[in-house]
Amino acid sequence: MSAADTTSSATTNGTEATTKSSKLASILDPANFPQTLSSETIYISLVYDPLDSQSYLRFTRSPTAGANVLFLGTTRNNFDSRPVSRLSYSAYPSLALKSLFAIAEDVQKKHGLEKVAIVHRLGEVKIEEESIAVAVSSGHRASGWNGAEEILERVKARAEIWKREWFADTGEVEEGVWRANRDRDGQGNIINNHT
């Protein structure tokens, strides 16, 4: 191998390393969103912009559906009696989209849902803004209610999406606290993952 080959090889390896580093840094670049995975009956999306609940309901509407259920997860101003100033969400987008789609497919079959839409926000989500929308349509309300709730619980337990809470009582001097999406049940009770 000549000196020219060595330089060329080093430059190529340096370029590859730079390219890989740039790819990793750009995975969550808001300019690369929304990212969507969909079929005729399932719509999954990760977005940085405020959620558009009416468009998700338009997607799930069906002439055979007697029920359309919409759940919006909203940022509240407190956690464990501490004032929350905002949340931020991060994700592994390609895995999260696949996980969300698999959850939608499974719950759709289990509950006989017509259509399913799951949209999750990334980045900063302020107080009273929505971070997740789950919309489903079904022939009857019971399967719609049950299916939407099951989707939400599975998303919190499985999707590669992480939440960071920022507390107002610290003057935001310290960094926010990362939390598992599934640290509480549907009634707000703490889930003990160590049992």
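Reader: Why is His111 called buried?

Author: His111 has a relative accessibility of 19%, and buried means under 20% relative accessible area, exposed means over 50%, and partly exposed lies in between, with a 1.4 Å probe and protein chains only. The value of 19% falls under that limit, so His111 counts as buried. This is a predicted model, in which local features need pLDDT of at least 70 and side-chain atom pairs count only at pLDDT 80 or more, while totals for chains, interfaces and linings use all residues. Residues are numbered from 1 along each chain as its sequence is written, and side-chain values use heavy atoms, with hydrogens and water left out.

Reader: Where is His111 placed, and what is His111 in contact with, leaving aside its neighbours within four places in sequence?

Author: His111 is placed in helix H3, where helices are DSSP runs of H or I with at least four residues, strands are runs of E with at least two, and both are numbered from the N terminus. Leaving aside neighbours within four places in sequence, His111 is in contact with Ser143, Asn146, Gly147 and Glu150, contact meaning heavy atoms within 4.5 Å.

Reader: What makes Ser143 buried or exposed?

Author: Ser143, which lies in helix H4, has a relative accessible area of 18%, and that value makes it buried. The C-alpha atoms of Ser143 and His111 are separated by 5.4 Å, although these residues are 32 residues apart along the chain. With neighbours within four places in sequence left aside, the contacts of Ser143 are His111, Leu113 and Ser138.

Reader: How do you know whether H3 is roughly parallel or antiparallel to H4?

Author: Helix H3 (residues 93–111) and helix H4 (residues 141–158) pack at an angle of about 150°, and their axes are 10 Å apart. That angle makes H3 roughly antiparallel to H4, because angles over 145 degrees count as roughly antiparallel, those under 35 as roughly parallel, those from 65 to 115 as roughly perpendicular, and the rest as oblique. The axes are lines fitted to C-alpha atoms, for helices over the stretch in contact, and the angles run from 0 to 180 degrees between N-to-C directions.

Reader: Which residues of H3 and H4 meet, and what classes does their contact contain?

Author: From H3, the residues are Ser99, Leu100, Ala102, Ile103, Asp106, Val107, Lys110 and His111, and they meet Ser143, Asn146, Gly147, Glu150, Ile151, Arg154, Val155 and Arg158 in H4. By class, the contact of H3 with H4 has six nonpolar, five polar and five charged residues, where Ala, Val, Leu, Ile, Met, Phe, Trp, Tyr, Cys and Pro count as nonpolar, Asp, Glu, Lys and Arg as charged, and the others, Gly among them, as polar.

Reader: Why is Ala102 called partly exposed?

Author: Ala102, found in helix H3, has a relative accessible area of 26%, and this value lies between the limits of 20% and 50%, so Ala102 is partly exposed. Ala102 and Ile42 are 60 residues apart in sequence, and from C-alpha to C-alpha they are 10.0 Å apart in space.

Reader: What makes Lys163 and Arg164 buried or exposed?

Author: Lys163 is found in strand S9 (residues 161–167), and at 10% relative accessibility Lys163 counts as buried. Arg164 is found in strand S9 too, and at 14% relative accessibility Arg164 counts as buried. An unreviewed UniProt entry lists Lys163 and Arg164 under "binding site", along with His140, Arg141, Lys156 and Glu165, and such annotations may be inferred rather than shown by experiment.
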